[in-house]
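Me: I've got this one open and would like to talk through how it is put together. Could you take me through it, one piece at a time?

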Amino acid sequence: MSAAATSVEKHFARRLPKIELHAHLTGSISRACLHAIWRAKKAQDAAFDVEDPLVAIPSDKVDYDLETFFPLFSSYIYKLCSDLPSIEYSTKAVLQDFQADGVVYLELRTTPRAIPDKAITKDDYVKTVLSILNAWNYDATNTLRAYLILSVDRRNTIAQAEEVVDLCIKYRPAGVVGIDLCGDPAKGDVRSFTNTFTRAKAAGLKMTLHFAEAKVSATDLELKTLLSWRPDRLGHVIHVKEEYCKIIERENIGVELCLSCNVHARMITGTYSDHHFGMWRHKNVPVALSTDDVGVFCSPLSVEYELAVKHFSLSPAEVCKLCEGVVGSIFAGENEKDRLRKIYAEWDGWMG
Ligand code: IMP
Ligand code: ZN
């Protein structure tokens with residue numbers, strides 16, 4: 001691959017209007033933004049006892065695996081984003097980062113989080129994030145539109161998961177478009193959530209689930225249970241036997257695939273060219289390239305498209321087909337789908 005060819009791919013991927021469907025809010029906060037929050041807190045209170053993000057998460061470190069990744073949130077980032085101003089500030093920064101990367105439609109997902117020592121409830125948290133998203137969408141100068149998915153964490157109790165469904169339903173008119181199941185794949189028994197996710201589906205919520213992300217969460221029992229909830233989309237879809245691939249295809253379930261995250265976290269064997277994107281792109285389902293946690297793995301969506309173009313020799317026409325397929329699997333309504341179809345129809349970059 002010549003340097004010139006690489007720069008053509010980079011330019012194409014940067015300019016391409018992109019749709020991001022799998023991005024965790026807290027995992028999408030850049031190190032620079034975390035550092036700014038840390039600096040402000042330190043200036044306010046010299047005794048603020050949390051390490052500088054530039055030291056705790058060195059800028060070139062992206063090799064977080066399933067063992068080191070989840071504690072990064074519970075024992076570090078949540079201690080920085082620990083009040084409403086830092087949640088507002090970081091949410092705004094995440095929107096700015098996605099927009100600057102050429103993303104035109106974003107479904108951000110987050111796990112409702114209470115912060116008892118600041119008297120912040122999960123309802124307050126969701127309301128705060130939504131207020132930032134709605135102010136953003138209201139500003140006609142922004143080219144990105146953002147919506148929210150609320151996540152149930154695998155470690156949640158049934159009551160906590162039910163609360164997430166209640167919040168999804170309550171805040172649907174304000175921009176919540178769906179529900180997700182996320183968290184450490186080694187934890188929890190998904191069967192305990194069957195009634196909860198069935199209620200979410202019955203209420204008309206769209207559903208995406210982290211699916212076969214690790215071997216431990218890819219047992220027949222787990223995958224059958226998750227598919228019985230009738231999800232609209234699935235994230236990662238790594239350790240999946242042919243029989244499940246067939247069901248996913250038959251039901252036309254969209255797949256959200258995260259190249260860099262899977263490579264850096266060693267969730268797949270091999271490297272980019274070995275990624276199961278190479279298999280799914282030939283199946284008849286929507287395939288959404290996604291970042292998962294750009295703040296941790298430092299690969300923005302434009303780079304994910306660039307990598308896909310480079311390692312799978314995608315032509316502009318193939319990228320166009322991919323993007324048009326993704327439009328059909330977004331969780332927002334027809335107005336958004338029409339806006340995105342128009343963006344792709346009018347884009348001047350398909351001819352190179
Ligand atoms: P938040 O939900 O906005 O706080 O984003 C961070 C949370 O997302 C983490 O604590 C995890 O529970 C979840 N998360 C982020 N990336 C992944 C992933 O790849 N698999 C499962 N859960 C994830
Ligand atoms: Zn994820």
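Me: Let's start with Arg 109: which residue in E3 stands opposite Arg 109?
Reply: Bearing in mind that this is a predicted model, Arg 109 has Ile 149 of E3 opposite it. The two strands concerned, E2 and E3, pair in the parallel sense over six bridges.

Me: And with E4, how many bridges does E3 make?
Reply: E3 and strand E4, which covers residues 176–182, also pair in the parallel sense, over six bridges. Within that pairing, Leu 181 in E4 is the bridge partner of Val 152.

Me: Why is E3 described as largely enclosed?
Reply: Nine of the nine residues of E3 are buried, so the strand is largely enclosed by the rest of the structure.

Me: Which way do the E3 residues point?
Reply: Arg 145, Tyr 147, Ile 149, Ser 151 and Asp 153 point one way from E3, while Ala 146, Leu 148, Leu 150 and Val 152 point the other way, and all of them are buried. As background, the side chains of a regular strand alternate between the two faces of the sheet.

Me: Ok, zooming out, what is the order of the strands in the sheet?
Reply: The sheet is open and is formed by eight strands in the order E1-E2-E3-E4-E5-E6-E7-E8, with parallel pairing. At the edges stand E1 (18–24) and E8 (287–289), each with a single partner strand, so one side of each is left without a neighbour in the sheet. On average, and with direction ignored, neighbouring strands of this sheet are turned by 25° against each other.

Me: Which helices lie across E1 and E2?
Reply: Helix H14 (residues 301–312) lies across E1, E2 and E8, and runs at about 115° to E1. Helix H16 (residues 334–346) lies across E1, E2 and E3, and runs at about 140° to E2.

Me: Moving along the sheet, how do E6 and E7 pair?
Reply: E6 (residues 233–236) and E7 (residues 254–257) pair in the parallel sense over three bridges. Leu 234 stands opposite Val 255 in E7, and Gly 235 stands opposite Glu 256 in E7. From E7, Gly 254 and Glu 256 point one way and Val 255 and Leu 257 the other, and all are buried.

Me: What about the core, which residues there touch the most other members?
Reply: In the largest nonpolar core, which has 121 residues, those are Leu 108, Phe 211, Ile 248 and Phe 277. Leaving out residues up to four places away in sequence, Ile 248 touches Phe 211, Leu 234, Val 237, Val 240, Ile 253, Val 255, Trp 280 and Val 285.

Me: Is Cys 245 buried or exposed?
Reply: Cys 245, which is found in helix H10 (residues 242–250), has a relative accessible area of 2% and counts as buried, because the cut-off for that is under 20%. Apart from neighbours within four places in sequence, Cys 245 is in contact with Val 240, Met 279 and Trp 280.

Me: Last topic, how do H6 and H7 cross?
Reply: The axes of H6 (residues 122–138) and H7 (residues 158–170) come within 11 Å and cross at roughly 40°, in a right-handed crossing. The contact is made by Lys 122, Asp 123 and Val 126 of H6 together with Gln 160, Glu 163, Leu 167 and Lys 170 of H7, and these residues divide into two nonpolar, one polar and four charged.

Methods: Residues numbered from 1 in each chain as written. Chains lettered and ligands numbered in written order. Predicted model: local features only at pLDDT ≥ 70, side-chain atom pairs only at ≥ 80, totals over all residues. Heavy atoms only, no water. Core = buried A, V, L, I, M, F, W, Y, C linked by side-chain atoms within 4.5 Å. Buried < 20%, exposed > 50% of the residue type's maximum accessible area, 1.4 Å probe, protein only. Contact = heavy atoms within 4.5 Å. Axes fitted to C-alpha atoms, helices over the stretch in contact; angles between N-to-C directions. Helix = DSSP H or I, 4+ residues; strand = E, 2+ residues; numbered from the N terminus. Left-handed = near helix turned anticlockwise from the far one by under 90°. Nonpolar A, V, L, I, M, F, W, Y, C, P; charged D, E, K, R; others polar. Pairing = 2+ DSSP bridges.
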